[in-house]
Amino acid sequence: MRSAKDFFRPLAVGAPEPVREVPQRPSRMIHFFDPSNPKMVAKLPDMAGKADVLLGNLEDAISADRKEEARAGLVEVARTVDLGDTQLWTRINSLDSPWVLDDLITLVTEVGDRLDVIMVPKVEGAEDIHYVDRLLAQLEARAGLTRPLLVHAILETARGVASVEEICTASPRMQGLSLGPADLAADRRMKTTRVGGGHPGYLVRTDPVDGDVEGPRTTAQQDLWHYTIARMVDACRAAGILPYYGPFGDIADTVACEDQFRNAYLLGCVGTWTLHPVQIDIARRVFSPDPTDVAWAVRVIDAMGDGTGAVMLDGKMQDDATVKQCRVLVDLARSLAERDADLAAAYGL
Ligand code: GLV
Ligand code: MG
């Protein structure tokens with residue numbers, strides 16, 4: 001095992017020093033675009049005003065015959081499109097694919113200074129992160145980069161979920177994890193055919209009345225993703241990195257999309273992927289704290305003074321633990337308000 005003392009040393013001569021903390025920049029929505037699609041690329045300056053993160057996708061959804069165009073398109077975007085404050089990420093091809101080596105070599109050496117985070121799909125264990133970690137250090141050294149690239153892993157295989165803690169702590173580059181419900185469903189051999197969200201067949205039912213099994217009985221749909229998201233949040237939080245929900249494929253069902261995003265938000269995720277502009281507005285609404293909740297949190301913090309002891313507010317007991325929850329909300333609200341005048345006005349912060 002590597003010594004803790006070596007953990008923050010560069011893995012190649014001339015590579016930049018690893019970061020000690022994940023930079024805390026808003027990343028409520030990671031908006032995917034296809035860099036080989038000129039129509040999508042033309043919309044990027046406009047999208048940059050709306051999304052916290054724009055991600056040039058090179059992996060699934062880009063057909064094999066467009067992989068190279070997508071890679072070249074992303075280099076062009078990174079060089080020529082002014083995205084302002086918006087971060088630029090990429091999702092590279094999987095580590096067993098014929099494209100990934102060129103993805104990394106090209107992107108890091110040509111536009112490494114313009115990229116913030118590299119999303120790695122189908123990560124199975126710490127060994128995948130170690131491979132990317134060393135290769136990135138070598139390429140950063142070759143490119144003369146002064147800021148290390150960060151790595152984001154997608155949790156989308158059963159082994160990845162079983163190894164989630166070691167993935168999160170595999171490198172100081174680790175920025176976060178996203179749930180990949182579509183690949184995870186396939187890998188787990190779940191019997192769904194969807195990209196994220198619920199399934200009407202996954203439910204619980206009340207007991208029959210008077211033995212009438214066919215009679216009316218209340219059912220409640222259950223959440224297929226609860227276990228994995230909760231596990232991912234704990235693993236990320238324990239490692240000081242950030243958890244995200246992934247894709248919601250039913251673009252027309254904006255209501256269920258909002259539910260899925262909100263479940264992830266309430267459980268501790270900081271953001272989500274967005275696959276269509278309509279989902280950007282949903283993500284902004286969901287992953288920015290509600291102004292009423294922020295106002296309540298400010299009241300609790302004010303009422304709790306130095307944060308110790310207990311007080312009653314509107315019949316509800318407040319103590320050290322509630323004031324900590326309230327600080328999470330207010331800190332998030334403040335950091336978002338710094339960059340968003342509408343939110344600053346809504347929060348009155
Ligand atoms: C995302 O990549 C997924 O497989 O859900
Ligand atoms: Mg996937």
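Student: Which backbone atom lies 3.1 Å from an oxygen atom of ligand 1?

Tutor: A backbone N or O atom of Pro181 does, at 3.1 Å from an oxygen atom of the ligand. Keep in mind that this is a predicted model. A pair of N or O atoms counts as a polar contact within 3.5 Å, and the Pro181 pair lies 3.1 Å apart.

Student: Which side chains place a polar atom by an oxygen atom of ligand 1?

Tutor: Arg91 has a polar side-chain atom 3.0 Å from a ligand oxygen, and Glu156 has one at 2.9 Å from an oxygen atom of the ligand. As for cover, ligand 1 on its own has 190 Å² of accessible area, and the protein covers 93% of that.

Student: Which residues surround ligand 1?

Tutor: The shell consists of Arg91, Glu156, Gly180, Pro181, Ala182, Asp183, Pro247 and Trp273. Sorted by class, the shell has four nonpolar residues, one polar and three charged. Helix H8, residues 181-188, gives the largest share of this shell, with three residues.

Student: How do I read empty space in a model?

Tutor: Rolling a probe the size of a water molecule over the atoms shows where empty space is left. For the open kind, take the largest pocket, with a volume of about 1200 Å³. Its lining has 32 residues, and Gly268, Cys269, Val270, Val328 and Leu332 are the closest to its centre.

Student: Which elements give two or more residues to the lining of the largest pocket?

Tutor: They are helix H9 (226-239), strand E9 (242-244), helix H10 (254-267) and helix H13 (320-337). H13 provides the largest share of that lining, eight residues. Both domain 1 (4-287) and domain 2 (293-347) contribute at least three residues each.

Student: How many residues of each class are in the lining of the largest pocket?

Tutor: There are 17 nonpolar, six polar and nine charged residues in the lining.

Student: Which residues line the second largest cavity?

Tutor: Its lining is Pro181, Ala185, Thr192, Arg194, Gly196, Gly197, Leu224 and Trp225. The space in the second largest cavity is about 40 Å³. Four of its lining residues are nonpolar, three polar and one charged.

How values were computed
Residues are numbered from 1 along each chain as its sequence is written. Chains are lettered from A and ligands numbered from 1 in the order in which they are written. This is a predicted model: local features need pLDDT of at least 70, side-chain atom pairs count only at pLDDT 80 or more; totals for chains, interfaces and linings use all residues. Side-chain values use heavy atoms; hydrogens and water are left out. A residue is near a molecule or strand if one of its heavy atoms lies within 4 Å of it. A polar contact is a pair of N or O atoms within 3.5 Å; within protein, one must be able to donate a hydrogen and the other to accept it, and residues adjacent in sequence count only if both atoms are side-chain atoms. Accessible areas come from the Shrake-Rupley method with a 1.4 Å probe; for residues, only the protein chains shown count as cover. Helices (H or I, at least four residues) and strands (E, at least two) are DSSP runs, numbered from the N terminus. Ala, Val, Leu, Ile, Met, Phe, Trp, Tyr, Cys and Pro count as nonpolar, Asp, Glu, Lys and Arg as charged, and the others, Gly among them, as polar. On a 1 Å grid over the protein atoms alone, a cavity is a set of points where a 1.4 Å probe fits but cannot get out, and a pocket is an open set with protein on both sides within 12 Å along at least five of seven lines; lining residues have an atom within 4 Å of a point. Grid points are joined across faces, edges and corners, and a volume is the space filled by probe spheres set on the points. Domain bounds come from an automatic or database domain assignment.
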